[in-house]
Amino acid sequence: MSFLFLGRNKNNKKRKDSNLAVLPQHIGIIMDGNGRWAKKRGLPRSAGHTAGAKNFRTITRYCSDIGIKYLTVYAFSTENWKRPQEEVSALMNLFKQYLEEALSDFKDDSIVVRFIGDTTAFSPELQELIKRTQEESANRSGMVLNIAMNYGSRDEIIMAVKNISQKVSSGEVSLEDIDENMISSSLYTAGQPDPDLVIRPSGEYRISNFLLWQSAYTEYIILDKLWPDFSTDDLDNALVEFNNRNRRFGGV
């Protein structure tokens with residue numbers, strides 16, 4: 001796992017001016033900094049989440065347009081329930097609004113929408129919207145968008161271990177059958193390539209319980225910019241930097 005901090009260098013090359021040799025198949029984004037964005041402007045934290053949701057749509061469509069095959073965004077972690085109830089309620093209302101719009105929003109983009117995480121913790125209404133969104137987008141042919149909601153990577157790994165343990169107990173598999181492929185196929189992202197690149201706006205140097213197993217050899221880029229201010233140019237710069245990396249996957 002490799003990390004790089006990108007500051008606000010306005011001289012960085014943009015993707016539209018560059019000939020990239022490699023485009024990541026799978027990008028992960030930790031959408032961080034909504035609350036701080038709002039605080040800097042004297043606004044309630046909910047205003048930051050609204051601005052962040054709007055930017056999410058922009059960046060998602062851009063990733064789809066430039067040929068990214070898989071995009072995983074960290075929307076709500078298992079730890080986010082600890083936030084003030086007012087903020088959690090505002091987020092739930094925002095998710096509901098987004099899902100209602102998403103039923104038609106991404107239809108013309110051919111984006112397949114999936115949710116990773118324990119969605120049973122949400123209200124019945126929100127769970128129904130999640131189900132409808134997934135079902136109505138399932139047969140589309142474009143980019144796969146994974147929205148991590150009530151997601152925590154440790155919980156995901158525990159879930160995978162329990163599922164494999166049950167198969168061992170029932171005699172469906174043996175201990176000798178357990179390998180990396182079996183564990184990977186027991187995760188929420190089963191059947192998808194591991195992320196090549198994870199981007200974290202906001203300048204925080206933390207993985208925050210995001211895709212721990214899947215990001216064993218992922219390139220990380222940290223940006224000194226809060227998520228609502230993260231632009232397509234910032235993504236272009238990250239793609240240029242990704243192309244400058246020497247990915248050895250543990251080799252020489």
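What pattern does the chain follow when read along the sequence? The chain follows the pattern β-β-α-α-β-α-β-α-β-α-α-β-β-α, and its secondary structure comes to 7 helices and 7 strands. Helices (H or I, at least four residues) and strands (E, at least two) are DSSP runs, numbered from the N terminus. This is a predicted model, in which local features need pLDDT of at least 70 and side-chain atom pairs count only at pLDDT 80 or more, while totals for chains, interfaces and linings use all residues. Residues are numbered from 1 along each chain as its sequence is written, and side-chain values use heavy atoms, with hydrogens and water left out.

**The chain as a whole**

- Of the 252 residues in the chain, 46% are buried; buried means under 20% relative accessible area, exposed over 50%, and partly exposed in between (1.4 Å probe, protein chains only).
- The chain has an accessible surface of about 12900 Å², and carbon and sulfur atoms hold 47% of that surface. Accessible areas come from the Shrake-Rupley method with a 1.4 Å probe, and for residues only the protein chains shown count as cover.
- Among contacts in the chain with a separation of 6 or more, 80% are between residues 24 or more positions apart; contact means heavy atoms within 4.5 Å.

**Helix 2 and helix 7**

- Helix 2 covers residues 45–66. Its 22 residues should span 32 Å at 1.5 Å a residue, and its end C-alpha atoms are 32 Å apart, which agrees. The expected span of a helix is 1.5 Å times one less than its number of residues.
- Gly67 follows helix 2 and has a positive phi, near 105°.
- Helix 7 has 13 residues (232–244) and reaches 19 Å from its first C-alpha to its last, close to the 18 Å expected.
- The buried residues of helix 7 include Asp234, Asp236, Asn237 and Glu241, as well as Leu235, Leu239, Val240 and Phe242.
- Two packed helices are described by the angle between their axes and the distance between the axes. Helix 2 and helix 7 pack at an angle of about 45°, with their axes 10 Å apart, and therefore helix 2 is oblique to helix 7.
- The contact involves Thr58, Ile59, Tyr62, Cys63 and Ile66 on helix 2, together with Thr232, Leu235, Asp236 and Leu239 on helix 7.
- Axes here are lines fitted to C-alpha atoms, for helices over the stretch in contact, and angles run from 0 to 180 degrees between N-to-C directions. Angles under 35 degrees count as roughly parallel, over 145 as roughly antiparallel, 65 to 115 as roughly perpendicular and the rest as oblique.

**The loop between strand 6 and strand 7**

- Most residues other than glycine have a negative phi.
- Ser202 lies in the loop between strand 6 (197–201) and strand 7 (219–223), and its phi is positive, near 100°. Ser202 counts as buried because its relative accessibility is 9%.
- Leu211 is found in the loop between strand 6 and strand 7 as well, and it has a positive phi of about 50° although it is not a glycine. Its relative accessibility is 0%, so Leu211 counts as buried.
- Leaving out residues up to four places away in sequence, Leu211 touches Thr72, Tyr151, Ser153, Thr189 and Pro195. Of these, Tyr151 is 60 residues from Leu211 in sequence, with 9.4 Å between their C-alpha atoms.

**Other positions along the chain**

- Ala75 belongs to strand 3 (residues 70–77) and counts as partly exposed because its relative accessibility is 25%.
- Apart from neighbours within four places in sequence, Ala75 is in contact with Met31, Asn80, Phe95, Ile147, Ala148 and Met149. Ile29, 46 residues away along the chain, has its C-alpha atom 9.2 Å from that of Ala75.
- Arg140 sits in the loop between helix 4 (124–137) and strand 5 (144–151). Its relative accessible area is 17%, so Arg140 is buried.
- Arg140 and Val112 are 28 residues apart in sequence, and their C-alpha atoms are 5.7 Å apart in space.
- Asn246 is placed in the segment after helix 7 and is exposed, with a relative accessible area of 56%. From Asn246 to Glu219 the separation is 27 residues in sequence and 9.8 Å in space, C-alpha to C-alpha.
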